[in-house]
Amino acid sequence: MTVRPSKQAVNGAPVVVPGISDGALYLSRLSARSALYTELHQLLDSEDRDLSLAEYRKRVIDENVLSKPSTASRVKHWQELKSRYRLDADDLLFAAFWTEWKRCASEAERSLTAYVLFALNDRLVADLGTEWLFPLLRRAPAEIRLADVSAFIQRAFRAHPEARAWSEETRLAVAQKYMASIRDFGLARGTVRKTSIRPALYGAPVRLLVRALGLAGIAPIDVVQAPAFKLLCLDTTEVIDALGEMNRMGALRFRMQADVVELDVRECA
């Protein structure tokens with residue numbers, strides 16, 4: 001799902017967004033815990049502004065806002081939350097996420113916005129979302145099988161040999177935690193047998209994705225063709241219509257004429 005940066009963006013040092021970056025590695029961070037969305041929600045709800053990395057660390061470890069039973073548990077949760085969600089007001093991608101998080105009008109919109117950040121920061125999650133989960137969301141409710149997630153990882157060995165080094169137990173754990181994560185984000189339901197849920201079109205996750213593509217140095221004309229929109233169950237042929245609809249709703253500003261694209265998510269109501 002890599003999108004080529006524009007020449008101007010390359011010269012301007014774009015933000016590294018692993019989910020859409022060439023050469024980004026598959027990570028096994030999900031083998032230990034799932035997306036920790038509940039903990040993220042709890043941490044963000046405790047503040048009315050985005051914080052620095054040090055301040056978030058203090059909240060989790062020193063102030064124990066997540067109510068963990070031991071220092072070791074607090075440290076572990078901090079490390080895993082930080083790696084998943086880039087918790088730092090100075091991080092442009094997290095800052096964009098925070099802006100959209102505060103603008104969400106419903107829990108469903110909030111969870112989908114968090115899923116976009118989670119996927120953009122993890123190449124394996126992004127690839128699973130755009131290549132494997134996407135058609136299941138389109139056919140919702142469709143059965144989601146653990147074995148299929150494991151098979152996807154194995155098929156990726158050629159492009160991502162780093163995953164070949166994972167033990168069978170690690171690959172299974174990653175697949176299990178991924179399944180739990182997409183349920184937590186509202187993209188699946190069920191415990192033993194899971195089925196997909198097609199997400200609605202919301203302003204905040206779309207704007208976050210547009211912001212992220214821009215931060216990565218993607219030119220507007222390429223943004224509207226980005227495969228990353230499949231994370232939101234939008235085929236590349238549907239993105240322009242979706243952006244047009246959101247423009248009519250006032251969720252963002254979008255205009256396209258021939259190969260000239262005007263796309264602005266910063267000042268919309």
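Strand S4 (residues 253–257) and strand S5 (residues 260–264) pair in the antiparallel sense, joined over five bridges. Strands count as paired if DSSP finds at least two bridges between them; strands themselves are DSSP runs (E, at least two residues) and helices are runs too (H or I, at least four residues), numbered from the N terminus. Strands of a sheet pair through backbone hydrogen bonds, either parallel or antiparallel. Look across this pair and you will find Met256 standing opposite Val261 in S5. The hairpin of S4 and S5 has two residues between the strands, and Ala258 takes a positive phi near 60° there.

Before we go on, a word about the model. It is a predicted one, where local features need pLDDT of at least 70 and side-chain atom pairs count only at pLDDT 80 or more, while totals for chains, interfaces and linings use all residues. Residues are numbered from 1 along each chain as its sequence is written, and side-chain values use heavy atoms, with hydrogens and water left out.

Now let's visit another sheet. Three strands make up this open sheet, in the order S1-S3-S2, with antiparallel pairing. Its edge strands, S1 (143–144) and S2 (188–189), each pair on one side only. S2 and strand S3 (residues 194–196) are linked over two bridges, and Arg189 has Thr195 in S3 as its bridge partner. Across S1, S2 and S3 lies helix H9 (residues 168–184), running at about 55° to S3. Such angles run from 0 to 180 degrees between N-to-C directions, and axes are lines fitted to C-alpha atoms, for helices over the stretch in contact.

Val149, Ser150, Phe152 and Ile153 are buried. These four cover an arc of only 155° around the axis, which puts them on the same side of H8; the arc is that of the directions from the helix axis to the C-beta atoms. On the other side of H8, Ala147 and Arg155 are exposed. Buried means under 20% relative accessible area, exposed means over 50%, and partly exposed lies in between (1.4 Å probe, protein chains only). The cover over the buried residues of H8 includes helix H7 (123–138) and H9.

How do H7 and H9 meet? Their axes come within 12 Å and cross at roughly 70°, so the two helices are roughly perpendicular to each other. Angles of 65 to 115 degrees get that label, whereas those under 35 count as roughly parallel, those over 145 as roughly antiparallel and the rest as oblique. In the contact (heavy atoms within 4.5 Å), H7 residues including Trp132 and Leu133 meet Val174, Tyr178 and Ile182 in H9. The residues of this contact divide into eight nonpolar, one polar and no charged. Here Ala, Val, Leu, Ile, Met, Phe, Trp, Tyr, Cys and Pro count as nonpolar, Asp, Glu, Lys and Arg as charged, and the others, Gly among them, as polar.

H7 has another neighbour. Helix H6 (residues 107–120) packs with H7 at an angle of about 115°, their axes 6 Å apart. Tyr115, Phe118 and Ala119 in H6 meet Val125, Ala126, Gly129 and Leu133 in H7.

Finally, find Cys233 in the loop between helix H11 (220–223) and helix H12 (239–249). Is Cys233 buried or exposed? At 2% relative accessibility, Cys233 counts as buried. Leu137 is 96 residues away from Cys233 in sequence, yet the two are 6.4 Å apart in space, C-alpha to C-alpha.
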